[in-house]
Amino acid sequence: MARRPGLRLSARLKLALSYAGFLAVAGALLLAVVWWYLLRYVPDNDQGLLGVSPNRYLLVHTFAPAAAWAMAFLLVFGLVGGWWLAGRMLAPLGRITDAARLAGSGSLSHRVRMTNRRDEFRELADTFDSMLDRLESHVDEQRRFAANASHELRTPLAISRTLLDVARKDPTRDRGELIERLHAVNDRAIGLTDALLLLSRGDGGAFPREPVDLSLLAEEAAETLLPLAEQRGVTLDVTGAAARTSGSADLLLRVVTNLVQNGIVHNLPADGTVTVHTESYGGTSVLRVENTGRPVPPDLVPALTEPFRRGTERVRADEHAGVGLGLAIVHSVVRAHGGTLALVPRPAGGLVVRVRLPDTP
């Protein structure tokens, strides 16, 4: 909104004028008190007070010039002192303004880092620094995400172009094999695009909310993935009680499905287990997915929820090879629902994943 043209007073000048006005009013009140409680009891006659001069007329004419000079001094002193005090008080605000100006120009690395004693300006500066920390982290994350997404999308497109070039240059090559490979590459590109759209939907939080029972979603996901578990020799077990929350049933079903599928795919070669447990306590609905598998290094766990981070031991080359967005989608959807996601490596191998969401009675 454009400001109306006119006189623009700075906050420092306003404070200085306020200090000067306050001193002037205080001086006027003091003079009024002196007049009311002292001069009015001085007789206004030739004999003065107790028959001794001076009288009220002389006192007033003697006191008035001194009072006027005192008022003028208070006004000037209030302006000068108020200007100086206002400058000292508003100096932290100037540092915050400079940091905000730099942030607006694209420099997110600058911080206020105020070191004086804690007051309102210190709290504002600390809050602004925290906001810049989160904003810089978010921007860096988005840049990495865009770069990784571009790389991941470029790979299937480059493979498709290579296959098409081969088909054009070698007409005798088996067309059926090329078509199957193109179909597989295209499916992977579509899956990656769908995952990116789902991830952006979860980050935006723009979805209708409805009552959802996590135990029912766990049973549905287990029923869907049971053939995959049987194919890999993994025992899939669903236990627990009702765990009700509020949110998008489709997105939360994707959360449960991704966790169960990860538990099945990243498991032991044979005789592996995946346990899905739901419960509700303390105003929180909990979904726990625990699986056996290879040991996961603790330093790798925090990076598993970052987009396109699969980990050295988690890269697959079969038909279930992912694009590194499974846990990133889970983390995004859980965060959009006001919940938390915790990953803990099992000492014997595998992971324990806990999703906590606000309970809905």
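**Note on a nonpolar patch and helix packing**

1. Leu17, Leu75, Val76, Leu79 and Val80 form a nonpolar surface patch of about 420 Å². Such a patch joins nonpolar side chains (Val, Leu, Ile, Met, Phe, Trp, Tyr) within 5 Å, taking residues with over 30% relative accessible area and no salt bridge; a salt bridge is a side-chain nitrogen of Lys or Arg within 4 Å of a carboxyl oxygen of Asp or Glu. Areas are from the Shrake-Rupley method with a 1.4 Å probe.

2. The model is predicted, with local features needing pLDDT of at least 70 and side-chain atom pairs counting only at pLDDT 80 or more, while totals for chains, interfaces and linings use all residues. Residues are numbered from 1 along each chain as its sequence is written, and side-chain values use heavy atoms, without hydrogens and water.

3. Helix H2 (residues 56-104) gives the largest share of the patch, four residues. Helices here are DSSP runs (H or I, at least four residues), numbered from the N terminus. Leu79 lies in H2 and is classed as partly exposed because its relative accessibility is 33%; the class falls between buried (under 20%) and exposed (over 50%).

4. Trp35 sits in helix H1 (residues 11-37). Its relative accessible area of 39% makes Trp35 partly exposed.

5. Helix H5 (residues 214-231) and helix H6 (residues 249-265) have axes, lines fitted to C-alpha atoms over the stretch in contact, that come within 9 Å and cross at roughly 40°.

How values were computed: Patches are made of residues with over 30% relative accessible area and no salt bridge: like charges are joined within 9 Å, nonpolar side chains (Val, Leu, Ile, Met, Phe, Trp, Tyr) within 5 Å. Helices (H or I, at least four residues) and strands (E, at least two) are DSSP runs, numbered from the N terminus. Buried means under 20% relative accessible area, exposed over 50%, partly exposed in between (1.4 Å probe, protein chains only). Axes are lines fitted to C-alpha atoms, for helices over the stretch in contact, and angles run from 0 to 180 degrees between N-to-C directions.
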